[in-house]
Amino acid sequence: MRFYKARILLAPRLRASIPPSLAALAVCDFLVLCGCFLLVAWWIEQPGLDFYFLYENGMLQVAVAAAAIQVTLYFERMYERTLTIARVFQQVCLALGVAFLLQALLAYTGSPAETPRWIMIGGALLVLAAFPAWRVAASVVLEKAIPPRKVLFLGAPLGAAGPVEEIAQLLKQQPEIGLAPVGYLGEKSSAAAAPCLGSMDEFDSVLQECAPSRIVVQREANEMPVRRLLELQRLGTRVEELSSLYESAAGRVSAIEISPDRMIFSRDLDARRGAVAARDLYSILASCLLLILTSPLLGLAALSIKRKSPGPVFERDPRTGLKGAPLSLFRFRQVHSAPLKWIRKLRLGSLPRLLNVARGDLALVGPAPERLEFAAVLRERIPFYGQRLSVKPGLTGWAQVHRNSAEMPDSIAELEYDLYYIKHLSPALDFYILLLQWRKWTRSGPPPAVGR
């Protein structure tokens, strides 16, 4: 299935549009899910089906059950790549588990949106049997009916190290994005991820031969056919900068494409003040609520540490905060004692950092608070590194959820993720990052520390 990565559709200022294939697939998925529950409702409530739908909130109940499954499938990234039938079956099982948990919550609160027990069970079994088959069939149809959109690069050899080569490789490795690089115009390179189609002088002939639906231009390209590009744009061919495609395809801001004049005279990489204020407010409120809910664990851990060893309960971990100011993160003092292994096993050592969030030092979501010595070196070596310090650091963030724990962090890549987060900072993106972090924790356990 070819369509854009759904994870970045949450960003309110994203320049990429929702592809028709993604919208059509989402609507069809919802109709199939609803159809499974409606078929079971018809079978069970056949004599009083009209009464069930008109007076017992039948349509609302079916819609809530189907929506719970579809939302879970979305966050399980089923709309991002082609999956085998076994993988779809596994994801549907997980989504059904979430749907049943939601039904238990609705039953506890006495909500009219609760689906009757046997309709829910029968509908779930039918979804389990029918939905994976439907998804595989839809994949085959979309694969043949919607060919990938051709992309022509202008102004840079793809063999050069940088975002152009990275995008070309990304589009080739992930055809589900829906874009296929046909080649580039520029200096010939043997290491390119797509063929060189000629020089800028051959633009019109290449255009007729390849008929690209998208032309990607590097900002510093020479001999650009500006007038011809304007004509093509008016006729429906999409013309965009390399940095824009890099953002939408990779979910990052290209550090190579950032120029000093862009940082000085443009504010497109700055976070909106309203979004920052909202983030700080709900971070404090959420941290206070979490501190109340986890206070028994915090109290028990503090009491255990105090009884086993003299000294303070908390240690302070120096990090960089907003605008590079020093920040002390709280954590439980490490005591090497067998009775306290449960603190390390449950990864509670970092739980006191909620106190930093409640104090306003941290946010729930934001760039990682680096160690002071690392931050000083990175600011010297990486241009525009200080831009990531323009907002408060967070317990987790867009860079942290993309970090592979098995590898050493890539400082340039993490900076690009952080710049993307700052540019698109919003409650929706924060909520999505928290869900991704929760899924990461449930699969591999919470990280022992924030930052490096």
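Predicted model: local features only at pLDDT ≥ 70, side-chain atom pairs only at ≥ 80, totals over all residues.
Strands of a sheet pair through backbone hydrogen bonds, either parallel or antiparallel. Here, five strands are arranged in the order 3-2-1-4-5, forming an open sheet with parallel pairing. Strand 3 and strand 5 (238-241) lie at the edges, each pairing on one side only. On average, neighbouring strands of the sheet are turned by 30 degrees against each other, direction ignored.

Strand 2 spans residues 179-185, and five of its seven residues are buried, so the strand is largely enclosed by the rest of the structure. With strand 1 (residues 149-154), strand 2 pairs in the parallel sense over six bridges. Individual partners can be picked out along this pairing: Leu152 is bridged to Gly183 of strand 2, and Leu154 has Leu185 of strand 2 as its bridge partner. Strand 2 also runs parallel to strand 3 (residues 196-198), to which two bridges join it.

Helices come next. Helix 9 (residues 242-250) lies across strand 1, strand 2, strand 4 and strand 5, and runs at about 90 degrees to strand 5. Another helix, helix 7 (residues 203-210), packs against helix 8 (residues 226-234) at an angle of about 25 degrees, the two axes being 12 Å apart. Because angles under 35 degrees count as roughly parallel, helix 7 is described as roughly parallel to helix 8. Helix 7 contributes Phe203, Asp204 and Leu207 to the contact, while helix 8 contributes Arg228, Leu229 and Leu232. By type, the residues of this contact comprise four nonpolar and two charged ones, with no polar residue.

Finally, the cysteines can be considered. A disulfide is a covalent bond between the sulfur atoms of two cysteines. How many disulfides does a search of the whole structure find? The search finds zero. Cys36, for example, is in no disulfide, and the nearest cysteine sulfur, that of Cys34, is 9.3 Å away. Since buried means under 20% relative accessible area, Cys36 counts as buried at 6% relative accessibility. Cys210 also counts as buried, with a relative accessibility of 13%.

Methods:
Residues numbered from 1 in each chain as written. Heavy atoms only, no water. Buried < 20%, exposed > 50% of the residue type's maximum accessible area, 1.4 Å probe, protein only. Helix = DSSP H or I, 4+ residues; strand = E, 2+ residues; numbered from the N terminus. Pairing = 2+ DSSP bridges. Disulfide = S-S within 2.5 Å. Axes fitted to C-alpha atoms, helices over the stretch in contact; angles between N-to-C directions. Parallel < 35°, antiparallel > 145°, perpendicular 65-115°, else oblique. Contact = heavy atoms within 4.5 Å. Nonpolar A, V, L, I, M, F, W, Y, C, P; charged D, E, K, R; others polar.
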